[in-house]
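Hi everyone, thanks for coming. Let's take a look at this one together and start on the inside.

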Amino acid sequence: MADPMRIRANMAGDKVEVRVLMAHEMETGQRKDASGALVPAHFIQNVTVSCAGRTVLSAQWGTSISKNPFMHFRFKGGKPGDKVTISWADNKGERRTDEAVIAGG
Amino acid sequence: MNGIMKSPGLPALLLAAALPCICLAQQETQKEIERYRQLLAEGNPADLYEARGEELWKTKRGPKNASLQQCDLGLGPGVVRGAFARLPRWFPDTDRVEDLESRIVTCMVSLQGFKREEAIRNPFSAPGRPSDLEALASYVAGESKGMKLAAPLSHPKEIDAFRIGEQLFYRRAGPYDFACVSCHGDNGKRIRLQELPKLTDPNDARKIFTTWPAYRVSQGAVRTMQHRLYDCYWQMRHPQMDYASEASIALEVFMAKYASGGEIQAPGLKR
Amino acid sequence: MKRLPLVVLAALAGCASGPSDDEARARAEQVFRESFTHGNRQMAARVDQQDEVQALCTRYRNEAPQDVADRIGSAAAAGIRYPASGKFLGDWRQGERIAQDGYGLRFTDADTKRPNGGGCYNCHRIAPAEISYGTIGPSLYRFGALRGTGEPVQRYVYGKIYDSQAFLACSHMPRFGKNGVLTEEQITHLVALLLDPESPVNK
């Protein structure tokens, strides 16, 4: 199982500000290893962020996203104490879900 | 002195006009690189390494099934906070000057029962092959973030290490005739677009030495000072330096003296 | 932390000459040899032993006294092997490739058939289109346009790349010809890069 995401969520005015760092190799499938063989593609394909039962962000990623992706975004409709849940799924079927509580503004 | 003022002539005037333009262009490049770095700084993947390092530190491992929590990094057994700011230093139990990595290895051997060869088997991570040492170094270094570097330089072995490091810093060798000083001996120079600190100038050393260990985007990993030296010698057309070798620690003691008083920013973020 | 004794303070003052410096250097040589024991043995053999110029420039921290600098300079000049054909100007297009290429002589450069690069852009500004240039060495942009492109300048540039210390004792610049990094032909391509009137360096 992949290493946990590091998530920080806090209020910024009337919006929730989220920073998330994901641990993932994000192999493009183009890189060659030391023996000259192609390293198979292994990358996050879908990211979903939800809060209070609502999807607030949905992303489809490809191989141009670099290793250990970092995302920073804001959304409306959350308040301190709510949970922000972030899930990703990659092209090999691996998944990871982590959550964080929104800190006061 | 001849009292007549000669006109500088057109070529000199053109050169004088061109110089500020060249300087401005260089400054613009630097500003943009700096802005890019600030944007990246918020999502430093080194955070992931620190978290893993902390977990490794507290986990029972090795033949003795013990954690590293009793490791003495210089401030007493179990004290991690602030220890990195006092490294490298002499340690009575090994009677050697040790840096961050070599001291972690010492503790892995003495507390956890690992053989030294096993502990240093994977010092630098590769894709799909994470290095415990990089994670542990990130954690320990991060526990000194914001503190001022104050590596001691009083024990005879510390002073000896300094003098050896000083000699090594100037040692020219190999097909390129390079020494550390070849790239790190002047202010305001760069290799390609990478700025180079003058390591014997505290103004540069205090700002740069303290940014290691750091997540290197080009490497996709946290790299430590051990890797930095290993990588320097690679570019200097030298062979692979032994991990945590006496030469590496001597060079670190030398650099730490000039960087003394600098604020620890590790783990940092670099290209 | 206890105060440093006076003798230690004096030792730390870092004099560039004197018996304690020689002693430190001998110790450092031993430490150096003992710190490169697991890697490429051939490369280790080469760096374990400094040649005379490297040892002198190390000892004087690249600021040799005049008599030493003169000896280094004249020995270097005498050692330059100029092309037997007398032709200094190669192909500037190949010169640009050599100047861009940093390959060669690193412990990961396994392909022995591939020619070494010169890595010139690491330290120098050269052709205007390349903005990713270093500043360890002076800018070479418009070198031929400013200095002339005739035979004497060609001979100078060839010699400078072959052994920079013929012109500046303890120069930071690698002795590309003397140390066998670049071939005679490769150096002529670099001369052309700097001096061919058609080279982008001079346009």
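So, how do the residues of the lining of the largest cavity divide into nonpolar, polar and charged? There are ten nonpolar, one polar and three charged. Here Ala, Val, Leu, Ile, Met, Phe, Trp, Tyr, Cys and Pro count as nonpolar, Asp, Glu, Lys and Arg as charged, and the others, Gly among them, as polar.

Quick housekeeping: this is a predicted model, where local features need pLDDT of at least 70, side-chain atom pairs count only at pLDDT 80 or more, and totals for chains, interfaces and linings use all residues. Residues are numbered from 1 along each chain, chains are lettered from A, and side-chain values use heavy atoms, without hydrogens and water.

Okay, next up, the contact between chain B and chain C. With contact meaning heavy atoms within 4.5 Å, chain B gives 43 residues and chain C gives 61 residues. On chain B's side, Arg171(B), Arg172(B) and Arg192(B) lose the most area to chain C, together 18% of what that side buries; that's accessible area, with a 1.4 Å probe, lost when two parts are put together.

What about charges? Chain B and chain C share five salt bridges, each one a side-chain nitrogen of Lys or Arg within 4 Å of a carboxyl oxygen of Asp or Glu. One of them joins Arg27(C) to Asp160(B), with the closest N and O atoms 2.4 Å apart.

And which element of chain B gives the largest share of the side that touches chain C? That's helix 6 of chain B, with eight residues; a helix here is a DSSP run (H or I, at least four residues).

Terms used. Helix = DSSP H or I, 4+ residues; strand = E, 2+ residues; numbered from the N terminus.
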